[in-house]
Amino acid sequence: MRHLLLASSSTYRRELLSRLRLPFDHASPDIDETPHPQESAEGLARRLAEEKARALADRYPQHLIIGSDQVAVIDQRIVGKPLTFERAREQLQAASGKEVRFLTAVALLNAQSGRLQVDCVPFSVRFRDLSDTQIDRYLEAEKPFDCAGSFKVEGLGISLFRSTEGCDLTSLIGLPLIRLVDMLAREGVEIP
């Protein structure tokens, strides 16, 4: 069995990866996540997923390293993790009644061979029309300040949606497992 490393400090990504019932380590890649000028949302997500995987290759030269990053787009504008109540409120106000597109990139780097696989999985969410009172109640209940888009789909955040569209719900949480299983299979890791 190849050693797996999740290049992330995200508890959400660790929980998702644990669903595959494979042993893995995790470490924070500590990269600069600032978007480049004129960089597309998909380009940003792909670049950051790859940089996260590559950042740990020297420390883990025998591992298959998984990097992932998610970008949310509202009205053609990239939004990240809100970090504060006020910014989360602004994000949800902007999303109210609209479709928000999430782009979640996953990279798998074979640190030994240098082989890299990168893909990006889109997922769209149509939000209900949300009142400021509903937004504040939700934020106070769930405190999703470390989540792109300011919600947790695996929790109460689902109540904010009118509909969703995409091929892999795990991409919305932050790690597209369907795509990752394909990548791991190409590296000889069979699941189940």
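The side chain of Asp69 makes a polar contact with the side chain of Lys52, at 2.8 Å. A polar contact is a pair of N or O atoms within 3.5 Å; within protein, one must be able to donate a hydrogen and the other to accept it, and residues adjacent in sequence count only if both atoms are side-chain atoms. The model is predicted: local features need pLDDT of at least 70, side-chain atom pairs count only at pLDDT 80 or more, and totals for chains, interfaces and linings use all residues. Residues are numbered from 1 along each chain as its sequence is written, and side-chain values use heavy atoms, with hydrogens and water left out.

Asp69 also carries an annotation. An unreviewed UniProt entry places the feature "active site" at this residue, Asp69. UniProt positions are given in the numbering used here, feature names are shortened, and annotations may be inferred rather than shown by experiment. Asp69 belongs to strand 3, residues 63-74. Helices (H or I, at least four residues) and strands (E, at least two) are DSSP runs, numbered from the N terminus. Asp69 counts as buried because its relative accessibility is 5%. Buried means under 20% relative accessible area, exposed over 50%, and partly exposed in between (1.4 Å probe, protein chains only). Residues up to four places away in sequence aside, Asp69 touches Arg13, Glu33, Ala45, Leu48, Ala49, Lys52, Leu103, Thr104 and Ala105. Contact means heavy atoms within 4.5 Å.

His63 lies in strand 3 as well. His63 has a relative accessible area of 10%, so this residue is buried. Its contacts, leaving aside neighbours within four places in sequence, are Arg2, His3, Leu4, Leu5, Asp25, Leu109, Asn110, Ala111 and Gln112.

His26 is found in strand 2. At 40% relative accessibility, His26 counts as partly exposed. His26 and Leu6 are 20 residues apart along the chain, yet their C-alpha atoms are separated by 4.5 Å. Not counting residues up to four places away in sequence, His26 touches Leu5, Leu6, Ser8 and Arg14.

The loop between strand 2 (25-27) and helix 2 (41-55) holds Glu39. Glu39 is buried, with a relative accessible area of 18%. A polar atom of the Glu39 side chain lies 2.8 Å from the backbone nitrogen of His36. Neighbours within four places in sequence aside, Glu39 is in contact with Leu44, Arg47 and Ile78. Gln38 has its place in the loop between strand 2 and helix 2. Gln38 is exposed, with a relative accessible area of 81%. Gln38 is not a glycine, but has a positive phi of about 65 degrees. Most residues other than glycine have a negative phi, and most peptide bonds are trans.

A positive phi, of about 70 degrees, is also found at Leu83, which is not a glycine. Leu83 is placed in the loop between strand 4 (77-79) and helix 3. With a relative accessible area of 60%, Leu83 is exposed. Leu83 and Ser150 are 67 residues apart in sequence and 8.8 Å apart in space, C-alpha to C-alpha.

Two packed helices are described by the angle between their axes and the distance between the axes. The axes of helix 3 (residues 85-95) and helix 4 (residues 132-142) come within 10 Å and cross at roughly 135 degrees. Axes are lines fitted to C-alpha atoms, for helices over the stretch in contact, and angles run from 0 to 180 degrees between N-to-C directions. Helix 3 and helix 4 are therefore oblique to each other. Angles under 35 degrees count as roughly parallel, over 145 as roughly antiparallel, 65 to 115 as roughly perpendicular and the rest as oblique. From helix 3, Phe85, Ala88, Arg89, Leu92 and Gln93 take part; they meet Asp132, Ile135, Asp136, Tyr138, Leu139 and Glu140 in helix 4.

Glu187 lies in the segment after helix 6 (177-186). At 13% relative accessibility, Glu187 counts as buried. Leaving aside neighbours within four places in sequence, Glu187 is in contact with Arg2, Leu64, Leu108, Asn110, Arg115 and Gln117. Pro192 lies in the segment after helix 6. The peptide bond from Ile191 to Pro192 is cis, with omega near -5 degrees.
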